[in-house]
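Here is a short tour for someone opening this structure for the first time. Keep the sequence and the 3D view side by side as you read.

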Amino acid sequence: MVLPKVLKIGDAILGHWTTPEGFRRPLTWRQVMAWQRLNELARLSHYRAKHGLDAGPAIGWANVLANLSACLGEEVGNSSVEDLCRRMSLNKIDPDIVAGVTRDVEKARRVWSTYELLGAASTGALIHLTALERADLRIQRIDAWEEPAADRKRRLARERQRRKRQRC
């Protein structure tokens with residue numbers, strides 16, 4: 001049970017205030033980005049499983065999932081990576097690979113302070129995200145590893161110009 005706080009100005013009591021029991025601290029921008037990336041990764045893993053495609057390198061997925069669990073403030077370990085794999089319907093990653101990723105001193109140190117989310121290009125390279133998958137799934141927070149962001153911007157600008165010319 002939560003005890004009410006007394007709201008006062010000087011000696012005058014204005015009222016009583018109780019915070020709801022389910023009240024949580026708002027998410028940081030880094031955590032919002034991590035949740036969005038987690039949703040995009042889940043869509044990607046389901047897409048690859050549905051079409052019978054290879055999920056990608058296990059070490060890449062282990063790095064990305066360990067990074068996400070650290071950004072979300074969870075303890076980075078075999079259990080947290082297994083939990084994320086289960087949520088995304090990925091095959092279980094070898095515990096030795098996960099242990100190698102989580103043993104990294106820098107990652108273990110950063111878990112207790114702010115932890116930086118992997119860049120969009122490096123995440124795409126680790127899990128081998130293709131431009132076709134990125135377009136099909138409308139993934140925005142991860143770049144395709146075969147098409148750098150600058151190339152994609154030029155290609156999209158050319159397509160926009162082509163559509164604009166066709167309308168006129």
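Let's start with Ser89: with a relative accessible area of 48%, Ser89 is partly exposed. On this scale, buried means under 20% relative accessible area, exposed means over 50%, and partly exposed is in between (1.4 Å probe, protein chains only).

Before going on, note that this is a predicted model, where local features need pLDDT of at least 70, side-chain atom pairs count only at pLDDT 80 or more, and totals for chains, interfaces and linings use all residues. Residues are numbered from 1 along each chain as its sequence is written, and side-chain values use heavy atoms, with hydrogens and water left out.

Back to Ser89, which sits in the loop between helix H3 (78–87) and helix H4 (95–102). Helices (H or I, at least four residues) and strands (E, at least two) are DSSP runs, numbered from the N terminus. Ser89 isn't a glycine, yet its phi is positive, at about 60°.

You'll find Arg138 in the loop between helix H7 (131–137) and helix H8 (149–167), and it is exposed, with a relative accessible area of 68%.

Now look at Ser45, in helix H1 (residues 29–50). Its relative accessibility is 5%, so Ser45 counts as buried. Leaving out residues up to four places away in sequence, Ser45 touches Trp61, Met88 and Leu90; contact here means heavy atoms within 4.5 Å. Its side chain also reaches the backbone oxygen of Ala42 at 2.9 Å.

What about the cysteines? Two of them are listed here with their accessibility.

| Residue | Relative accessibility | Class |
|---|---|---|
| Cys71 | 6% | buried |
| Cys85 | 3% | buried |

A disulfide is a covalent bond between the sulfur atoms of two cysteines. Counting a disulfide as a pair of cysteine sulfur atoms within 2.5 Å, the model has 0 disulfides.

Which residues make the nonpolar surface patch of about 310 Å²? They are Leu7, Ile9 and Leu14. Patches are made of residues with over 30% relative accessible area and no salt bridge, with like charges joined within 9 Å and nonpolar side chains (Val, Leu, Ile, Met, Phe, Trp, Tyr) within 5 Å. A salt bridge is a side-chain nitrogen of Lys or Arg within 4 Å of a carboxyl oxygen of Asp or Glu.

Definitions and conventions
Accessible areas come from the Shrake-Rupley method with a 1.4 Å probe; for residues, only the protein chains shown count as cover. A polar contact is a pair of N or O atoms within 3.5 Å; within protein, one must be able to donate a hydrogen and the other to accept it, and residues adjacent in sequence count only if both atoms are side-chain atoms.
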